[in-house]
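These entries record what I looked up, in the order in which I looked.

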Amino acid sequence: MTNIEETFKVKGEELLKKVKQLVKEGNVRRIIIKDKSGKVLVEFPLTFGVVGAVLAPMLAAIGAIAALVTQCSITVQREVKKK
């Protein structure tokens, strides 16, 4: 397995929607949210099979961050199978 990183720039109001989309993809292992200056605001490790009640506190925190920032970036670490 190999880990790759992707970074997405999003507006505060789009943050929660984008994180939910990334979690549904299933191969995301870590989500790091940074402010526009690059300071890490929050970092969440995701394990395979994370669902429901486990996600609720994380999504609540992301919603609070979204209310406070105008722009931020999401860095996603994915695990991909080597061919």
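In which sense do strand β2 and strand β3 pair, and over how many bridges? I worked from a predicted model throughout. I found that β2 (residues 28–35) and β3 (residues 40–45) pair in the antiparallel sense, over five bridges. I noted V40 in β3 as the bridge partner of K34.

I then turned to salt bridges and found four in the structure. In one of them, R30 meets E43, with 3.0 Å from N to O. This pair links β2, which holds R30, to β3, which holds E43, across 13 residues. I recorded R30 as partly exposed at 25% relative accessible area, and E43 as partly exposed at 40%.

Next I examined R78. Its salt bridge with E6 has the closest N and O atoms 2.3 Å apart. The pair links distant parts of the chain, R78 being in strand β4 (residues 71–80) and E6 in strand β1 (residues 2–11), 72 residues apart. R78 also forms a salt bridge with E25, at 2.6 Å from N to O. Here β4 is linked to helix α1 (residues 15–25), the two residues being 53 apart.

Is R78 buried or exposed? I found R78 buried, with a relative accessible area of 8%, whereas E6 is partly exposed at 30% and E25 is partly exposed at 40%. Shared partners join E6, E25 and R78 into one network.

Lastly, I checked the rings. My search of the whole structure returned zero aromatic pairs. The charged end of K18, however, sits over the ring of F8, 4.2 Å from the ring centre.

Note on methods: Residues numbered from 1 in each chain as written. Predicted model: local features only at pLDDT ≥ 70, side-chain atom pairs only at ≥ 80, totals over all residues. Heavy atoms only, no water. Phe/Tyr/Trp six-rings, centres within 6.5 Å; stacked < 30°, edge-to-face > 60°. Lys NZ or Arg CZ within 6 Å of the ring centre and 35° of its normal. Pairing = 2+ DSSP bridges. Helix = DSSP H or I, 4+ residues; strand = E, 2+ residues; numbered from the N terminus. Salt bridge = Lys/Arg side-chain N within 4 Å of Asp/Glu carboxyl O. Buried < 20%, exposed > 50% of the residue type's maximum accessible area, 1.4 Å probe, protein only.
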